[in-house]
Amino acid sequence: MKAIKSLCLLFCFVILGGIFLQPIPINRQALTLAEQTESTIYDEIDSYLANACYKAHFPAMSITIVNKEDVLLSKTYGDCSSTNTPFLLGSVSKSFTALCIMQLVERGKIDLNAPISTYLSKSNTNNAITVRQLLNHTSGLGEHQNLGNYKIVNKQGEHIYANVNYSLLGKIIKVVSELSYEDYVTQNIFEPLSMSKSAATYEKAKENGLIETYENWFGINTKTAPKFPNSDNAWITPSAGFLSSSTADLGKYLQMYLNGGECIISNDSINKMFYENVEVQANIPYKYGMGWTLTNEPLKQPALRHSGLVETGMSTICILPESDIGIAIAVNTNDYFVGKDMMDRIDWSIVLMLTGDNPNQIKSNEYVTMHILYDLAYFVVLVISILPLCLIMLYKKRLTTGKLWVKISVLIFIHLILPIFILLLPRMFFLTPLWVVLAFVPDMFTTIIISSCLLFIGGIAKTIILIKRKVDMKR
């Protein structure tokens, strides 16, 4: 029983340690004036990223930093030869979708305060949700809903991040523009900005040279095909998270914002996207606008940002409006428990270096150490799950002693309640269904399923032995 208790505590600790977001790590030791010369800053960022990419075990990384007119830094690391190589963007795609909506607002085709039923005749919510609420994730829709099952389950007006908001916005763009989402974003953003390596379909992304993608299994990056959505009812649709782009293209995209919208959008609409936002309480409070987050403290200057994560990639775009600098960074793997935290620390470190703070260093053995701890936890869970089968003969011998009701109670707890508890852990503690765990943390999903099956099988074997024993005793 003590072993089982330790198992439960350990398993909860593993999940808790991986899920909770980390605050922005800041080292306030200021750089000297000599170190703050532009050439030195970008040399230092380049050196920092080369080192960080290696220590974080990213297969490939690409970064582009721009100001209004120029490219200040354009570098790749690992197995990536050019900043023109496309990566999957994840939720960075949401800023593009918000931009498309604001274009259509300027053209008089969308009213931000109109109910979405104005544009979607088959809306599940009648007149209860506005376009603005979708943009700000204040619609009340659920985090794991899709276009086939969405409904209001949360308090409207509160920020609850849900991909379905931006899936619906993609549908609105299609209805209003009479173009597919893919055609609209291509014709109205990619082509005018000469973003030739950007795409909204898997086929076009492959044609553009989409980088090979990876998912992480027990600390090992394993090459796998992108999990591109194959239906409108996917949890993450292209308008919510499956655009692809190179960091060179993203640099052009960020320059558009820095230059007041150029031929794409008005500066007034940009300000609405950035600053007509809602408060979000977190470890580090921030505001969420239309496809952008705004963080003030504890940074030396405000940062507009959006990060993205899909099953096989991570990315971040960031604008420092006071410095007129844009940053785009992408990697081609998703390591949810370890690499995701490292990616956050890396992209924030670029902001820190550009604003006069030192970056957060990744320790040489940190990646391996963290994955060993997670793998050890998985191993302990698996060992404890298989032990009942390994000790089945000992169980058979012990049936001759002790009270029957005690044996049955222990059998039910270990082989029925415990495996069900393990299966329900993500849902009970983090409101995360197993299919999300499968997509984003496949090694944990595998551990959960195998452990539960082993416990169930052990229970079935023990039940058969127990029944056979009682039958034999009656003869």
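Predicted model: local features only at pLDDT ≥ 70, side-chain atom pairs only at ≥ 80, totals over all residues.
Strand E4, which spans residues 214–217, runs antiparallel to E5, and four bridges join the two. These strands belong to an open sheet of three strands, arranged in the order E5-E4-E13, in which the pairing is mixed. Strand E5 (220–223) and strand E13 (333–334) stand at the edges and have a single partner strand each, so one side of each is left without a neighbour in the sheet.

## Salt bridges around arginine 345

The structure holds 17 salt bridges, and arginine 345 takes part in a salt bridge with aspartate 341, where the closest N and O atoms are 3.0 Å apart. Both residues lie in helix H11 (residues 339–354), at a separation of four residues, about one turn of the helix. Arginine 345 and aspartate 341 are both buried.

Arginine 345 also forms a salt bridge with glutamate 366, with 2.6 Å between the closest N and O atoms. Glutamate 366 lies in helix H12 (residues 366–390) whereas arginine 345 lies in helix H11, so this pair ties together parts that are 21 residues apart in sequence. Glutamate 366, like arginine 345, is buried.

## Other salt bridges

A salt bridge links lysine 155 and glutamate 158, whose closest N and O atoms are 4.0 Å apart. Lysine 155 is exposed, its relative accessible area being 57%, while glutamate 158 is partly exposed, with a relative accessible area of 40%. Elsewhere, a network of salt bridges links Arg305, Lys340, Asp344 and Asp347.

## Cysteines without disulfides

A search of the whole structure finds zero disulfides, and the distances between cysteine sulfurs show why for two of the residues concerned, cysteine 80 and cysteine 390. For cysteine 80, the closest cysteine sulfur is that of cysteine 53, at 9.5 Å, which is too far for a bond, given that a disulfide requires the two sulfur atoms to lie within 2.5 Å. Cysteine 80 counts as buried, at 7% relative accessibility.

For cysteine 390, the closest cysteine sulfur belongs to cysteine 453 and lies 16 Å away, again too far for a bond. Cysteine 390 is exposed, with a relative accessible area of 54%, whereas cysteine 80 is buried.

Definitions and conventions:
Residues numbered from 1 in each chain as written. Heavy atoms only, no water. Buried < 20%, exposed > 50% of the residue type's maximum accessible area, 1.4 Å probe, protein only. Pairing = 2+ DSSP bridges. Salt bridge = Lys/Arg side-chain N within 4 Å of Asp/Glu carboxyl O.
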